Amino acid sequence: MDASEPENTPFAAVSAQTTKLGRLYQSYLDKSTPYTTYRWISTAVILALFFVRIVVAQGWYIVCYSLGIYLLNLFLAFLQPKIDPSLTQDEGLEDGDAGSSLPTKKDEEFRPFIRRLPEFKFWHSATRAIAISFVCTWFGIFNVPVFWPVLVVYFLILFSLTMRRQIQHMIKYRYVPFSFGKAKYNQRSGH
């Protein structure tokens, strides 16, 4: 037996194929990065197919509810800044440094809005969750019998309370997580 010979075990072969598929998957993700609109349209189509499957099959409501909670969690992480201004403001008051909050006047330093969950990771996680949920609807073990109107009402209440709290936080700390509606300056004028 030569020591320089590579080991050809079944585990090594499976590991090599898994690595190859992972690289292929990552290359397709990298190629899709600039096509934001098309990525979100494809996610919306997959979500619509999922909802059609739920309505036609008349079941898997708990899978749908779980997906809704997960997507709400992702959306909230997408809306929040990477560094929470309420936490940095509280820390600044403890240390005696009150200058760590977001700028509130024209002469203060501009700090761009950096999301806690970037758009691409939000899209990727949401699409993957919808695909997994769609696959779950083909297995009877996930079809837990529940009274679906209670889940819908509970989700709507949870959504409204969570979004109200998030909007109040955005107003209190004066940040807008979206770029539309913000002032755009002409590059030629030097602003």
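Helix α2 is followed by Q58, and the phi of Q58 is positive, near 50°. The model described here is predicted.

**Helix α2**

Helix α2 covers residues 36-57. Five of its residues are named as buried: R39, T43, F50, R53 and I54. Seen down the axis of α2, these buried residues fall within an arc of 100°, so they line one face of the helix. An α-helix has 3.6 residues a turn, so residues three or four places apart point the same way.

What packs against this buried side? The partners of the buried residues are α1 (10-32), α3 (61-79) and α5 (119-136). The face turned away from the buried side is another matter. There, α2 carries the exposed residues T37, Y38, V55 and V56.

**A nonpolar patch**

Y38 also belongs to a nonpolar surface patch. The patch is made by Y35, Y38, I41, V45 and L49, and its area is about 550 Å². V45 is found in helix α2. Is V45 exposed or partly exposed? Its relative accessibility is 45%, so V45 counts as partly exposed; the exposed class requires over 50%.

**Helix α3 beside α2**

The buried residues of α2 pack against α3, among other helices. In α3, the buried residues are Y61, V63, Y65, L67, G68, L71, L72, L74, L76, A77, F78 and L79. Their cover includes α2, α5 and α6 (148-172).

**The whole chain**

How many helices and strands does the protein chain have? The count is six helices and zero strands. Read along the sequence, the pattern is α-α-α-α-α-α.

The chain has 191 residues, and 26% of them count as buried. Contacts reach across the sequence. Among contacts with a separation of 6 or more, 80% come from residues 24 or more positions apart.

The protein chain exposes about 14500 Å². Carbon and sulfur atoms supply 65% of that area.

Key:
Residues numbered from 1 in each chain as written. Predicted model: local features only at pLDDT ≥ 70, side-chain atom pairs only at ≥ 80, totals over all residues. Heavy atoms only, no water. Helix = DSSP H or I, 4+ residues; strand = E, 2+ residues; numbered from the N terminus. Expected span 1.5 Å × (residues − 1). Buried < 20%, exposed > 50% of the residue type's maximum accessible area, 1.4 Å probe, protein only. Arc of directions from axis to C-beta. Contact = heavy atoms within 4.5 Å. Patch = residues over 30% accessible without salt bridge, like charges linked within 9 Å, V, L, I, M, F, W, Y side chains within 5 Å. Areas by Shrake-Rupley, 256 points an atom, 1.4 Å probe, with all protein chains shown as cover. Salt bridge = Lys/Arg side-chain N within 4 Å of Asp/Glu carboxyl O.
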